[in-house]
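Here are my notes for you, one topic per point. Keep the structure open beside them while you read.

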Amino acid sequence: MTETLISLLSILIGIIGAIATGVLFKKYSFGIVGNTIAGVFGSIFLIKFFGRLGFNPQSIMHNGIFHGWLLGINFMVSLLGGMLGLIVISMIKRKLSKK
């Protein structure tokens, strides 16, 4: 149950990162719904990609022991994933619209 909660919080933080990036940099924004979708996929992709280094939810709650610094790293990577997800999708959209 706790690993599921950590995963959901990570996705939520990725959404917040994408929405904040869209607000700060208008040229990357897709509106609230588009930014939310980009944040979800960016966050999940980066957490799955870098989670194998040891800060996935299972490692955070290893043997019932809570590792707070791993949770912090997880949340930072999730925030970065949401931000990068929005920027990458925006760059792909621009490349496709030029043709």
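**Notes on the helices and rings**

1. The buried residues of α2 pack against α1 and α4. Contact here means heavy atoms within 4.5 Å, and buried means under 20% relative accessible area, exposed over 50% and partly exposed in between, with a 1.4 Å probe and protein chains only. Helices are DSSP runs (H or I, at least four residues), numbered from the N terminus.

2. A word on the source: this is a predicted model, where local features need pLDDT of at least 70 and side-chain atom pairs count only at pLDDT 80 or more, while totals for chains, interfaces and linings use all residues. Residues are numbered from 1 along each chain as its sequence is written, and side-chain values use heavy atoms, with hydrogens and water left out.

3. Which residues of α2 are buried? They are Asn 35, Ala 38, Gly 39, Gly 42, Ser 43, Leu 46 and Ile 47. Seen down the helix axis, the buried residues of α2 fall within an arc of 145 degrees, so they line one face of the helix. That arc is taken from the directions from the helix axis to the C-beta atoms. On the other side of α2, Val 33, Phe 41, Phe 45 and Lys 48 are exposed.

4. Now check the length of α2. The expected span is 1.5 Å times one less than the number of residues.

5. Turn to α4, which runs over residues 68–97 and reaches 44 Å from its first C-alpha to its last, close to the 44 Å expected. Its buried residues include Leu 70, Leu 71, Gly 81, Gly 82 and Gly 85. Among the elements covering them are α1 (2–24), α2 (31–50) and α3 (57–60).

6. Look at Lys 48, in helix α2. Lys 48 is exposed, with a relative accessible area of 61%. Its C-alpha atom is separated by 9.8 Å from that of Ser 78, 30 residues apart along the chain.

7. Last, the rings. There are three aromatic pairs in the whole structure; rings of Phe, Tyr and Trp (its six-membered ring) pair if their centres lie within 6.5 Å, with planes under 30 degrees apart stacked, over 60 edge-to-face and the rest tilted. Phe 25 and Tyr 28 have ring centres 6.2 Å apart and planes at 70 degrees, so that pair is edge-to-face. The rings of Phe 45 and Phe 49 are stacked, because their centres are 5.9 Å apart and their planes at 15 degrees.

Technical notes:
Helix = DSSP H or I, 4+ residues; strand = E, 2+ residues; numbered from the N terminus.
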